[in-house]
Amino acid sequence: MRFDENAELDTSNVEDLRGGGGGGGIGGRVAIGGGGVSIVGLIIYFLLSQLGGGGGSFALPDAGSFGSDNSISDSGQLAQSCRTGRDANSNVACEAVGVINSLDAFWTDVFARSNRQYQPARTRFFSGSVNTGCGGATSDTGPFYCPADNYIYIDLSFYQELEQRFGAQGGPFARAYVLAHEYGHHIQALLGTTDRVQAGDTGPTSASVRLELQADCYAGAWGNHATTVPTKTGKPLITEVNDQDVRAAVDTAEKIGDDYIQSQLAGRRVDKSQFTHGSSAQREKWFRTGFDSGQPGRCDTFARGVNLG
């Protein structure tokens with residue numbers, strides 16, 4: 001995946017808390033309000049506890065309202081460092097900014113075509129620990145979306161963890177998939193889909209799994225349009241997504257499947273009754289459903305009779 005080196009980046013929806021820290025955490029899990037769950041937060045929590053330590057039409061209902069957050073961050077250095085696509089091609093934080101710009105542009109267009117106004121998510125980079133509208137969290141939680149404050153939180157060192165601990169191929173489009181999945185949870189919060197998940201809901205056809213697979217599908221739908229969706233400059237930021245990029249994203253989806261986590265990382269027998277995110281095969285299927293179609297309307301994992309894979 002490559003960015004247009006001359007394209008401008010917009011850091012206005014990103015806050016960088018890495019310099020001063022984000023406040024005290026409460027351990028390796030985060031209390032996610034409104035039913036939202038992270039791409040790996042619950043998976044990593046499961047791992048730590050076991051080892052001891054988301055072509056049809058896309059009709060949108062009214063967007064929900066979100067609480068405000070009055071915390072202050074100094075992101076001036078990020079704005080100075082991340083000016084153009086050239087920076088995104090050489091710096092992981094700037095790469096994330098570029099992906100966020102593209103995601104906001106994509107979902108703004110999707111909502112507009114349904115005569116709705118999109119409310120952008122905001123993203124906070126943190127290091128070590130962070131306080132959120134959903135409670136405290138540490139880096140072990142992994143990237144997550146908090147519907148209580150409308151923020152995506154990510155410690156960028158997670159990308160290295162994903163490669164070293166999970167054995168994922170990594171790369172820019174795989175990293176973009178992680179953010180795009182969290183944006184999928186933001187869309188679900190806007191649409192009220194997160195309300196369909198109850199605490200403790202597990203199993204291969206549970207609402208929790210359906211939510212995660214739909215977020216994977218939404219991520220794939222964005223990926224299909226990544227090289228064509230224009231941002232504020234009127235031109236796409238991303239100029240290239242090749243087959244290897246897609247394979248790397250699929251590999252990441254597979255590496256965070258419940259069955260892979262249970263068997264390959266936790267060293268235990270696969271227990272489908274404890275699935276919260278979906279199997280590797282399911283996650284690949286639904287990312288591919290979104291990517292191959294490019295249509296968020298094809299992502300209804302809650303439809304009656306749908307084959308989850």
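Trainee: How does the lining of the second largest pocket divide by class?
Mentor: This is a predicted model. The lining of the second largest pocket has seven nonpolar, six polar and five charged residues.

Trainee: And how much space lies in the second largest pocket?
Mentor: About 310 Å³. Of the 18 residues in the lining, D10, N101, D104, T231 and K232 are the closest to the centre of the pocket.

Trainee: What about the second largest cavity: what is its volume?
Mentor: The volume of the second largest cavity is about 40 Å³. Y159, L162, E163, G170, A174 and R175 form its lining.

Trainee: Which element supplies the largest share of that lining?
Mentor: α5 does, with three residues. Both α5 (158–164) and α6 (172–191) supply at least two residues each. By class, the lining of this cavity has three nonpolar residues, one polar and two charged.

Trainee: Let us turn to the sheet. In what order do the strands come?
Mentor: The order is β2-β3-β7-β6, in an open sheet of four strands with mixed pairing. At the edges are β2 (14–16) and β6, each of which pairs on one side only. From one strand to the next, the twist averages 25°.

Trainee: Parallel or antiparallel, then, for β3 and β7?
Mentor: β3 and β7 run parallel and are joined by four bridges.

Trainee: Which strands does α4 touch?
Mentor: α4 packs on the sheet and touches β2 and β3, and its direction makes about 170° with that of β3. α6, which also contributes to the lining of the second largest cavity, lies across β3, β6 and β7 and runs at about 25° to β6.

Trainee: A change of topic: what is the phi of N115?
Mentor: It is near 60°, a positive value in a residue other than glycine. N150 also has a positive phi, near 70°.

Trainee: Where are N115 and N150 placed?
Mentor: N115 is in the loop between α4 (92–113) and β3 (122–125). N150 is in the loop between β6 (144–146) and β7 (151–154).

Trainee: And is N150 buried or exposed?
Mentor: N150 is buried, because its relative accessible area is 7%, under the 20% cut-off. N115, in contrast, counts as exposed, because its relative accessibility is 73%, over the 50% cut-off.

Trainee: One last residue. Where is S81 found?
Mentor: S81 is found in helix α2, which covers residues 76–81. With a relative accessible area of 36%, S81 is partly exposed.

Trainee: Which residues does S81 touch, leaving out those up to four places away in sequence?
Mentor: S81 touches D87 and C94. As for A93, which is twelve residues apart from S81 along the chain, the C-alpha atoms of the pair are separated by 9.1 Å.

How values were computed: Residues are numbered from 1 along each chain as its sequence is written. This is a predicted model: local features need pLDDT of at least 70, side-chain atom pairs count only at pLDDT 80 or more; totals for chains, interfaces and linings use all residues. Side-chain values use heavy atoms; hydrogens and water are left out. Buried means under 20% relative accessible area, exposed over 50%, partly exposed in between (1.4 Å probe, protein chains only). On a 1 Å grid over the protein atoms alone, a cavity is a set of points where a 1.4 Å probe fits but cannot get out, and a pocket is an open set with protein on both sides within 12 Å along at least five of seven lines; lining residues have an atom within 4 Å of a point. Grid points are joined across faces, edges and corners, and a volume is the space filled by probe spheres set on the points. Ala, Val, Leu, Ile, Met, Phe, Trp, Tyr, Cys and Pro count as nonpolar, Asp, Glu, Lys and Arg as charged, and the others, Gly among them, as polar. Two strands pair if DSSP finds at least two bridges between them. Axes are lines fitted to C-alpha atoms, for helices over the stretch in contact, and angles run from 0 to 180 degrees between N-to-C directions. Contact means heavy atoms within 4.5 Å.
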